Amino acid sequence: MKSRSLLLSTVALSLIVSGSWLSGTSFYTQKADSSAATYRTTAAIGASAATVPSKLSVTDFGAVPNDGKDDYQAFVAAAQAAKQQKKTLSIPAGTFTLSQIWTIDGIAVEGAGKASTVLVSTNPQKGSIDLKGSNVSLRNLKHVYEKTVPRGDGAHEKNSITVRGASNFVIDGISVSKSSTAGIMVAYGSNNGVISNNTITNTGADGIHMTTESRNLTVENNTVTSAGDDAIAVVSYQSSSVPVRSVTIRKNTVSGVSKGRGISVVGGEQVTITGNRVKDTAMAGIYIGVEGAYRTMNVDGVQVIQNTVDHAGIKTPEKHPNVLVYAGQGSIDNVKFSRNIIKNAAHRGIGVWGEGNIRNVIFERNTLSNTKGAKTTFEKGKVQLIENVGF
Ligand SMILES: [Ca+2]
């Protein structure tokens, strides 16, 4: 815990010393309203990209597509030059090879499309693309691992993409195929970020994972299939000083038998989950929890609106319901489910239970169609039921 805090402080200090936080024009515009901050962020990045006179290409620095030879050094040199010259870095169509973790710091990187620009990481232990700094973006390419190793210690170095304390960041139009740990990991106080229009499949751990004090994030229009654990997760550990907060998860599609939960909040505040479609997950399709074994923080303020949860909780012997609110310890408060369609549960419909404290949970105008097991199991908390159908 101490070493993590120290590391974070060191990173923060070095960013301030290097001036990259000070130079971020939209850094100071963030407000408590997460959605407003996010939109401003996107607009700011779009505006700065439009005023950049020209672009650099990785091929200007010696990268050669489709030759099977390592392009790592060329990519490093290209990213440094793009930052110095304040230009967008483009990666043309073709397959490029990366033998190490490639870090992009405060620059915009764009491929020619997620079907045509492919970055192949050859080191299964060190293949992450890391995002740092302010106004950093990664768009329109595919990242794959040549081979993966077991999830094991869950090291970030073997994620597909890792956001390390970045602010005003965008990850858009990326295809992630195979990673030993997470697909996209957002950590170390990353803030004001948008993760949109990505396709993520066959990860070793979560598809998209947001943790360690990250805030003001929007995750939208992504497709996550066959995740090795949760498809999309907000997770706050007690070792953090504050929970992950102000996150909007909307219009994503989760399918293809993810091994964990579909969309989860395991410690977190002010999370909105809306307009998502979740299908065929091993554990609950939507899961709001506080977990003792993982020492996670409390949950306060989650809105779950107009999602469809279809045939979740497949795995036995757990037999999760389609939707589960679970406090293993700590407390869960101010959770509202409204206008969701919850159907075809593998084993049971909706559950609210656990040994911890569960306070206010509201179900309003949801539709439950369930033929297997209990429709609802409300064992804890002040559960308010308003105009639901099929409960
Ligand atoms: Ca090459």
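1. Two strands are said to pair here if DSSP finds at least two bridges between them. On that basis, in this predicted model, strand S3 (residues 94-98) and strand S6 are paired in the parallel sense over 5 bridges, and within that pairing glycine 94 stands opposite threonine 117 in S6.

2. Strand S6 also has a partner in strand S8 (residues 134-145), to which S6 is joined by 4 bridges, the two strands running parallel; the bridge partner of valine 118 in S8 is lysine 142. Of the 5 residues of S6 (residues 117-121), 4 are buried, so the strand is largely enclosed by the rest of the structure.

3. The pLDDT of the protein averages 89, and 86% of the residues score at least 70. Over residues 1-45, however, pLDDT stays under 50, and for this stretch the model has 55 contacts beyond four places in sequence.

4. As to overall composition, the protein has 4 helices and 34 strands, and buried residues make up 51% of its 391 residues. Among the contacts with a separation of 6 or more, 73% are between residues 24 or more positions apart.

5. An open sheet of 11 strands is present, with parallel pairing and the order S4-S7-S9-S11-S14-S17-S20-S23-S26-S29-S33. Its edge strands are S4 (102-105) and S33 (376-378), each of which pairs on one side only, and the twist from one strand to the next averages 10°. Strands of a sheet pair through backbone hydrogen bonds, either parallel or antiparallel.

6. Which residue of S14 stands opposite methionine 185? The pairing concerned is that of strand S11 (residues 184-187) with strand S14 (residues 208-210), which is parallel and extends over 3 bridges, and the residue of S14 opposite methionine 185 is histidine 209.

7. Strand S23 (residues 286-290) deserves a point of its own, since 5 of its 5 residues are buried and the strand is mostly covered. In a regular strand the side chains alternate between the two faces of the sheet. In S23 both faces are covered, with Ile286, Ile288 and Val290 buried on one side and Tyr287 and Gly289 buried on the other.

8. The pairings of S23 can be followed residue by residue. Strand S20 (residues 263-266) pairs with S23 in the parallel sense over 4 bridges, and serine 264 stands opposite tyrosine 287 of S23. S23 and S26 are likewise parallel, in this case over 5 bridges, and the bridge partner of isoleucine 286 in S26 is valine 323.

9. The largest nonpolar core has 90 residues, and those with the most contacts inside it are Ile184, Ile232, Val234, Ile286 and Val325. Domain 1 (1-204) and domain 2 (230-391) both give residues to this core, so the core lies between them. In soluble globular proteins, nonpolar side chains tend to be buried together.

10. When its neighbours within four places in sequence are left aside, isoleucine 184 is in contact with Ser160, Ile161, Ile171, Val176, Ile195, Asn198, Ile200 and Ile208.

11. Some backbone features call for a check. Most residues other than glycine have a negative phi, and most peptide bonds are trans.

12. Serine 226, a residue other than glycine, has a positive phi near 50°. Serine 226 lies in the loop between strand S16 (223-225) and strand S17 (232-235). Is serine 226 buried, exposed or partly exposed? With 16 other C-beta atoms within 10 Å, serine 226 is partly exposed, because a residue counts as buried at 20 or more such atoms and as exposed at 12 or fewer.

13. Arginine 365, although not a glycine, has a positive phi of about 55°, and is found in the loop between strand S31 (360-364) and strand S32 (367-369). Arginine 365 has 13 other C-beta atoms within 10 Å and is therefore partly exposed.

Note on methods: Residues numbered from 1 in each chain as written. Predicted model: local features only at pLDDT ≥ 70, side-chain atom pairs only at ≥ 80, totals over all residues. Axes fitted to C-alpha atoms, helices over the stretch in contact; angles between N-to-C directions. pLDDT = per-residue confidence, 0-100. Contact = placed C-beta atoms within 7 Å. Core = buried A, V, L, I, M, F, W, Y, C linked by C-beta atoms within 7 Å. Domains from an automatic or database assignment.
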